[in-house]
Amino acid sequence: MAAFRLSAIGLFASALAFTAVAAGNAKAAPATAIAAPAQDLHKLCRQVKNDDTVRPYSHALHAGTVKAFNKLFPQAKSAPQESELATQANYRCMNGELLACFVGANLPCAKMNAARDNPGADEFCRTNPNDDVVPAFATGHDAVYAYKCVDGKAVITGQPWVLDKRGFAKKLWAVVPER
C-alpha cells in the first residue's frame with residue numbers, strides 16, 4: 001500500500017473545497033473536489049448515468065469502497081486503513097453506477113491519453129536512445145501505451161491499457177455497492 005500516494009496540495013485543495021461547500025459557498029468549490037454523502041453519490045449516478053467528474057473519498061462510502069478495493073486487488077492481504085482510503089480512493093459515475101478507483105504509483109484514476117504519438121516519450125528517447133522502458137514521468141501517467149527507445153525513437157511496446165467507453169482504464173475501476 002505504500003505505493004499509493006496523493007499530493008499534499010491535492011489533499012489540501014479537497015479539504016478547502018469541502019469547507020467552502022459546508023459553509024454554503026458551493027460556487028467556490030471545484031466540481032472535482034466535492035465530497036457527497038454515500039446515498040447522494042449513488043442517487044446522483046442513477047440520475048445522471050455518466051459523469052466523468054472524479055470525486056474524492058467519502059467515509060460514508062467506507063464499506064462499499066472496501067468491497068470495490070477487494071474486487072480490484074484480490075491479492076491484497078488486508079483492506080486499506082481509513083487514512084489510505086482518504087488519500088487514494090476516488091469515485092465517478094458510469095452507466096448509472098458509482099465506481100471507485102484507487103490512485104497509485106502507476107494507477108491513474110483520470111481519463112487516459114489514447115494518443116499513439118507521445119512527445120514526452122519522443123523527448124526521452126532523444127536523450128536515452130536505446131532504453132528498454134520510457135518511464136511514466138516522461139510519457140505522463142495517463143498514457144494508454146508503454147514505450148521503449150529504439151535508435152532514439154519512441155516505439156510502442158507491450159499491451160495498452162484497455163479503456164471503458166468513457167476513456168478511463170477499465171481494470172482500475174470497480175462498482176461501489178450501496179450496501
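**Exercise 1.** At 45% relative accessibility, does K49 count as buried, exposed or partly exposed?

*Solution.* Start with the cut-offs: buried means under 20% relative accessible area, exposed means over 50%, and partly exposed is what lies in between (1.4 Å probe, protein chains only). K49 comes out at 45% relative accessibility, so K49 counts as partly exposed.

Before going on, some ground rules. This is a predicted model, where local features need pLDDT of at least 70 and side-chain atom pairs count only at pLDDT 80 or more, while totals for chains, interfaces and linings use all residues. Residues are numbered from 1 along each chain as its sequence is written, and side-chain values use heavy atoms, with hydrogens and water left out.

**Exercise 2.** Find where K49 and N95 sit, and say what their phi angles look like.

*Solution.* Take K49 to begin with: it is in the loop between α2 and β1 (51–56). Its phi is near 65°, a positive value in a residue other than glycine. Now N95, which is found in the loop between β2 and β3. N95 is not a glycine either, yet its phi is positive, at about 55°. At 41% relative accessibility, N95 counts as partly exposed.

**Exercise 3.** How many helices and strands does the protein have, and in what pattern do they follow along the sequence?

*Solution.* Helices (H or I, at least four residues) and strands (E, at least two) are DSSP runs, numbered from the N terminus. The tally is six helices and six strands. Reading along the sequence gives α-α-β-α-α-β-β-α-α-β-β-β.

**Exercise 4.** Which aromatic residues do ring pairs link into a cluster with F102?

*Solution.* A pair of aromatic rings is described by the distance of the centres and the angle of the planes. Rings of Phe, Tyr and Trp (its six-membered ring) pair if their centres lie within 6.5 Å; planes under 30 degrees apart are stacked, over 60 edge-to-face, and the rest tilted. The structure holds five aromatic pairs. One of them is F69 with F102, edge-to-face at 5.2 Å centre to centre and 85° between the planes. F69 is in helix α3 (residues 62–72) and F102 in strand β3 (residues 97–102), so this pair ties together parts 33 residues apart in sequence. Both F69 and F102 are buried. Next, the rings of F73 and F102 have centres 6.2 Å apart and planes at 75°, so they are edge-to-face. F73 lies in the loop between α3 and α4 (82–88) and F102 in strand β3, so the parts tied together here are 29 residues apart. F73 has 15% relative accessibility, so it counts as buried. Put together, ring pairs link F69, F73 and F102 into a cluster.

**Exercise 5.** Over which rings do R92 and R116 sit?

*Solution.* The test asks for NZ of Lys or CZ of Arg within 6 Å of the ring centre and within 35 degrees of the ring normal. The charged end of R92 sits over the ring of F168, 3.8 Å from its centre. R116 lies over the face of Y145, at 5.1 Å from the ring centre.

**Exercise 6.** How many disulfides are there, and what pattern do they follow?

*Solution.* Look for cysteine sulfur atoms within 2.5 Å. The search of the whole structure finds three disulfides.

- C45 and C93 have sulfur atoms 2.0 Å apart, and with -70° about the S-S bond the link is left-handed. C45 in helix α2 (residues 38–48) and C93 in strand β2 (residues 89–94) are 48 residues apart.
- C101 joins C109, S to S 2.1 Å; at -85° this link is left-handed.
- C125 and C149 have sulfur atoms 2.1 Å apart. Their S-S torsion is about -80°, so the disulfide is left-handed.

Counting bonded cysteines along the chain, the pattern is 1-2, 3-4, 5-6.
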